[in-house]
Amino acid sequence: ANVGSLFDDPENLQKNWLREFYQVVHTHKPHFMALHCQEFGGKNYEASMSHVDKFVKELLSSDAMKEYNRARVYLDENYKSQEHFTALGSFYFLHESLKNIYQFDFKAKKYRKVAGKEIYSDTLESTPMLEKEKFPQDYFPECKWSRKGFIRTRWCIADCAFDLVNIHLFHDASNLVAWETSPSVYSGIRHKALGYVLDRIIDQRFEKVSYFVFGDFNFRLDSKSVVETLCTKATMQTVRAADTNEVVKLIFRESDNDRKVMLQLEKKLFDYFNQEVFRDNNGTALLEFDKELSVFKDRLYELDISFPPSYPYSEDARQGEQYMNTRCPAWCDRILMSPSAKELVLRSESEEKVVTYDHIGPNVCMGDHKPVFLAFRIMPGAGKPHAHVHKCCVVQ
């Protein structure tokens, strides 16, 4: 869940968000729950600190969560450090019915039993229970101070070990630049950053385990293809700045029908005349333009998407289904998994239909992103393909 909007309008949006989140918890009753947040604290982190504290306290103490008697919260609150700050927040909740859960200590290279509720913030760099990195500045030089990066934790439940990676990849800085090439230059930057994370979590330092990578990937539809498809019968007008001759706007008009404007494209404007195309049948017709994951088809798996684009929704608390006309709607928020994690998820599905991949709050304003969730069961020992492999969860 990219939660940046929640701290701009905490009175309305946080209540909406928490209510819908608790509803999903109530419906699926998970025993182990991971909540990965990006843009924690919003755009103005310093001013939002009290709202952040309130949000965390509410999550840890609400009636809806009372059966979760153990928790780990990792909040990157070190907003004064340009070198390290990622604005990521990773929450893990353990149901009272779960007996033995272990978390990996990356420094000591052993698992430790999880007890009680603990919150870690400020400088997560010194916490041995996670790995955190911010992407190097040269990955996205257009952005003076990007907060993009990842946090990784490792868990062991029912003799099944897996990594959970909270990730935030780079956005599209300009609709006009994104439209110029297919794939876009921004797509290439995200590809490089995601590849870096995947290489990092399967390097030689630790035993290889299944992994789930979930967060705001900022994956976008292939702009050039989308515009060509949406405006097949349109003519394009180019508007340039008088002083620099730089393209500042593209206007697509119908060839007939009184030259009606179909689409206006600017750096931060994507104003298409018919938003229904992104909502009809959950936007399924546009999935063919969602191509960024194809580069990783041998390394990452995703369940079929059956929910509408998760971004950019209106931040007006009264509008739950309206998109903003700042960007082309896209499936930015995803839950991806390694091939071995896919086996974990789908193996359990054979018993009965217990796997759900969906979004939260379809009709309610949840901020500019709709959270997505994956619910599934793990069979005990499912993460160990060979019986002779040592049990991962014996070290206290």
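**View 1. Strand 8 and strand 9 run antiparallel, joined by nine bridges.** Strand 9 covers residues 160–168; strands here are DSSP runs (E, at least two residues), helices are H or I runs of at least four, and both are numbered from the N terminus. Two strands pair if DSSP finds at least two bridges between them. In this pair, Phe150 sits opposite Ile167 of strand 9. The two strands make a hairpin with two residues between them, and Ala158 in the turn has a positive phi of about 50°. This is a predicted model, in which local features need pLDDT of at least 70 and side-chain atom pairs count only at pLDDT 80 or more, while totals for chains, interfaces and linings use all residues. Residues are numbered from 1 along each chain as its sequence is written, and side-chain values use heavy atoms, with hydrogens and water left out.

**View 2. Strand 8 also pairs with strand 4 and with strand 7.** Strand 4 (residues 101–105) is antiparallel to strand 8 over three bridges, with Ile101 facing Ile157. Strand 7 (residues 131–134) is antiparallel to strand 8 too, this time over four bridges. Here Lys132 has Ile151 as its bridge partner.

**View 3. Strand 8 is largely enclosed by the rest of the structure, because nine of its nine residues (149–157) are buried.** Buried means under 20% relative accessible area, exposed over 50%, and partly exposed in between (1.4 Å probe, protein chains only). In a regular strand, side chains alternate between the two faces of the sheet. Both faces of strand 8 are covered: one side has Gly149, Ile151, Thr153, Trp155 and Ile157, and the other has Phe150, Arg152, Arg154 and Cys156.

**View 4. The largest cavity has a volume of about 110 Å³.** Of its 14 lining residues, Asp172, Asn175, Ser223, Phe270 and Cys328 are the closest to the centre. Helix 3 (175–180) and helix 5 (223–230) each give two or more residues to the lining, and helix 3 has the largest share, with three. A cavity is a set of points on a 1 Å grid over the protein atoms alone where a 1.4 Å probe fits but cannot get out, and lining residues have an atom within 4 Å of a point. Points are joined across faces, edges and corners, and a volume is the space filled by probe spheres set on them.

**View 5. The second largest cavity has a volume of about 40 Å³.** Its lining is made up of Lys134, Phe135, Pro136, Gln137, Phe140, Ser146, Lys148 and Phe170.

How values were computed. 1 Å grid on protein atoms, 1.4 Å probe; cavity = no way out; pocket = protein on both sides within 12 Å on 5 of 7 lines; lining within 4 Å.
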